[in-house]
Amino acid sequence: MNELALKDLLYKLADDQLILGHRNSEWTGFGPILEEDIAFSSMAQDKLGHSLAFYTLLHELGEAEPDTVAFTRNAEQFHNSQLVELPNGEYDFSLIRHFLYDNAEIIRFEMLSQSGYEPIAKVATKLKGEVKYHVLHANTWIKNLGASTEEAILRLQASLNEALPYALGMFEKSKYEQELIEAGVYAGEEAVKAEWLNRIQTVLAKTELKLPALESIEPVLGGRYGVHTEHLQPLLSEMSEVFDIDPTAEW
Amino acid sequence: MYGGGNVFEATKFDDLQAEDPVKLAEFEARIARGEKIEPNDWMPQLYRKQLIRMIEQHAHSEIIGALPEGTWITRAPGFRRKMAQMAKVQDEVGHAQLLYSAAETLGKSREQMLTDLINGKSKYSNVFNYPALTWADSNVISWLIDAGAIVNQMANARGSYGPYCRALDRICAEEAFHLKYGHDAVVHLATGTPKQREMVQAALNRWWPPIMTFFGPSDKMSTHTETLMRWKVKMASNDECRQQFLDMYVPKIWELGLTVPDPNLKKNAETGQWEFTEPDWDEFKRVINGDGPCNAERLAVRRTAEERGTWVRHALLNPKAKYVKPLA
Amino acid sequence: MLKSLDPRVTRLNLPDGEVPNMEPKQELDQFETYEAFHQKKDGAAFTYVGPVHAPNEDVAFLFAKEQYSRRFACVGLWIARTENIMVTPYVGDTESVYDMIAIEEPAERSAEPEKYEIFHLKKRGKAHTHVGRVSATSYQEALQEAKQQFGEKPPVVNVWVVKSKHILQSAEEDKDMWFTIPEKKYREATAYKVMDKITKYKAENNNATV
């Protein structure tokens, strides 16, 4: 199998989770209710754990150590979708992003657990249950808040409209797309997106929220190829601030 | 985590004459037998008030205590530290949840406790009004403040109130991770590069004075304190806790070649007691009453979290819901 | 705007300076409470772990899962609204509440028998554990039934009775949500071992005082 194709896939999986894990970790201590604070933090930890698992696979394929890969690259070397790097905003935006992201993530994990590339299949199978909770968490909140007060519905709708072009960017195809599909690694972005749409519509149908017509939306692309918003580099610099005091030291 | 420093002032409920003598005798006999008190049991007013005050302050200390170390969540170096730092701060929030619940079983609602915290009506451990200037400060807090908290909480876990003991059992198990994690991080710095050693020594210098006030001033022994000790509300004196802490951790600091910034600190071989420079209790009082480097920010953050979460909570209010205090 | 040492706080754009007191929180601002029970391993009894505040049982499940089962093995979780749990009086650590109370006549009965879950507290300060299920037409009858089936061996300090339909139970296929808990070593004390580093440091710096 083409190793470059595999690495490309692993980088996008790992980078998405690393960056979203960081964004979500910012909520620790600031959540809308104590119990939710705890739940959000657990999911942020899981996301970091998932990215570590995928960076470890990359390391096995000859890339540098996970800490080096995660904490020393610049923005243009990151393959995450722009959705995950956007600032947290208020809770409505963080929740909508979590909903849009994790409903796609679970599909990737389900597909990858069936992957013809065994190391990925093993990791995906093992971690799938954690993503399942993330999806349950997101969907339960969206169903509850999306059918509640006018303020909640307005906030979530505005965040949904804002996040959607970026969310569509999650499905930006890699240049190795066809190879990965043919090699049986996973079914490809088109397939993930179709199933994702199906699942988020099922949840949104139980709420007052409306999914904007997708054909009228221009997806925000580029993330998979190192093109990012102005928000990513400051985040990366913050992440490596202590590490950079002495990169050779053991922290 | 939590410091003592909880001051057991006399209250108007001190007057046990007003309590039913038969019930009071049964209550005291139960505690003397080593049985725990559960929420629906009869209890003297003084017992209830003091426990609410103590558990509530403990809960506030956890939720505010999440903030100094939270300062370094997004900057923790490397996966291992980052995930642990998040888990550690998350635990503090979790401890607050457990403790607020335990206090609720005594009849004070979580709403009231949060309002009192944000409006400055109830206190929390004073050490959290100091800043975590560097990553090393965060590590020193994780290790030594949590070490202090464990001394305190292990004592309290032997107390008489069932729900508080249940919460503390869970909390102590989690604190063991905090302590080891903090020690691990400090050891890495102390045995690391010269720059790292310098960072950790500077952090220790900054945190030592607050740590010495962590257990509060020496207790004034009174009949009031004796009553609370007999009822297993107060389990150890502030001085006992401080001595135990010094006994356990000063050698561990010294073995790393770090200097404790108190030239008078030494163990008196004859008395077996640690001697040290008396902490600045005037500063302690000033800071606890609001005039510390971070008091305003800590409360502002807590308040903002509550206010910005209001729409979420209001959206899900169930008009038919009735508040029932948690069972245990 | 408040500039903090914590970049997360700086990003909150808080006003700098004095603020008026917050309006007291309304009743139920933090929601009602639900009680959570966890199962450590297959076949083990469900044990009380504590309450959560939540707007409904689905959200209570989400909350309890992370508050009470993010550490240590877990294979199942039950959630019951506090209001739906019937509680007997508490007795002493050597007594049985079944012997100490007269079970009242029920004010109302269901037309058909329903299932009730029974929880016992064996010692004050410990946690209630599930002892079994009975079929009855009222809480009182359920308690009577529980006395027959589970009440022989003292001590039973306290009993909780809950209708089975009032308990939200995690499903068999949800177990995978807990599979990886034992692997999350970074949040366990045992993952941190630094004796080697300390010993090495001491050997290299034998002037270190102790």
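Is Pro21(B) buried or exposed? Pro21(B) is exposed, with 9 other C-beta atoms within 10 Å. For burial, C-beta atoms are placed from the backbone, and a residue is buried if 20 or more others lie within 10 Å of its own, exposed if 12 or fewer, and partly exposed in between.

## Ground rules

Please keep in mind that this is a predicted model, in which local features need pLDDT of at least 70, side-chain atom pairs count only at pLDDT 80 or more, and totals for chains, interfaces and linings use all residues. Residues are numbered from 1 along each chain as its sequence is written, while chains are lettered from A and ligands numbered from 1 in the order in which they are written.

## Chain B as a whole

Let us stay with the chain of the opening residue. Chain B holds 12 helices and two strands; here helices (H or I, at least four residues) and strands (E, at least two) are DSSP runs, numbered from the N terminus. Read from the N terminus, the order is α-α-α-α-α-α-α-α-α-β-β-α-α-α. The radius of gyration of chain B, taken over C-alpha atoms, is 20 Å, close to the 20 Å that the globule rule gives for 328 residues, so chain B is as compact as a globular protein of that length. That rule is 2.2 Å times the number of residues to the power 0.38.

The C-alpha trace of chain B spans about 65 × 60 × 35 Å along its principal axes, and 57% of the 328 residues are buried. Of the contacts in chain B with a separation of 6 or more, 80% are accounted for by residues 24 or more positions apart. Two residues are in contact if their C-beta atoms, placed from the backbone, lie within 7 Å.

## Helices of chain B

Pro21(B) belongs to helix H1 (residues 21-32) of chain B. Between its C-alpha atom and that of Met86(B), 65 residues apart along the chain, the separation is 50 Å. Helix H6 (residues 162-190) of chain B is mostly covered, with 24 of its 29 residues buried. At 1.5 Å a residue, H6(B) should span 42 Å, and its end C-alpha atoms are 41 Å apart, which agrees; the expected span is 1.5 Å times one less than the number of residues.

Two packed helices are described by the angle between their axes and the distance between the axes. Helix H2 (residues 45-70) and helix H11 (residues 295-308) of chain B pack at an angle of about 110 degrees, their axes 10 Å apart. That makes H2(B) roughly perpendicular to H11(B). Angles under 35 degrees count as roughly parallel, over 145 as roughly antiparallel, 65 to 115 as roughly perpendicular and the rest as oblique. The axes are lines fitted to C-alpha atoms, for helices over the stretch in contact, and angles run from 0 to 180 degrees between N-to-C directions.

On the H2(B) side, Ile63(B), Ile64(B) and Leu67(B) meet Arg298(B), Val301(B) and Arg302(B) in H11(B). By class, this contact has four nonpolar, no polar and two charged residues. Ala, Val, Leu, Ile, Met, Phe, Trp, Tyr, Cys and Pro count as nonpolar, Asp, Glu, Lys and Arg as charged, and the others, Gly among them, as polar.

Chain A has 10 helices and zero strands. Its radius of gyration is 18 Å, close to the 18 Å that the globule rule gives for 251 residues, so chain A is as compact as a globular protein of that length. The C-alpha trace of chain A spans about 50 × 45 × 30 Å along its principal axes, and 53% of the 251 residues count as buried.

Where chains A and B meet, 43 residues of chain A are in contact with 36 residues of chain B. H2(A) gives the largest share of the chain A side, 11 residues. By class, that side has 20 nonpolar, 12 polar and 11 charged residues.

## Chain C: interface and backbone

The contact between chains C and B takes 53 residues from chain C and 57 residues from chain B. On the chain C side, the residues divide into 25 nonpolar, 14 polar and 14 charged.

Some backbone details of chain C deserve a look too. Pro154(C) and Pro155(C) are joined by a cis peptide bond, with omega about 0 degrees. Asn13(C) is not a glycine, yet has a positive phi of about 50 degrees. Leu28(C), also not a glycine, has a positive phi of about 70 degrees.
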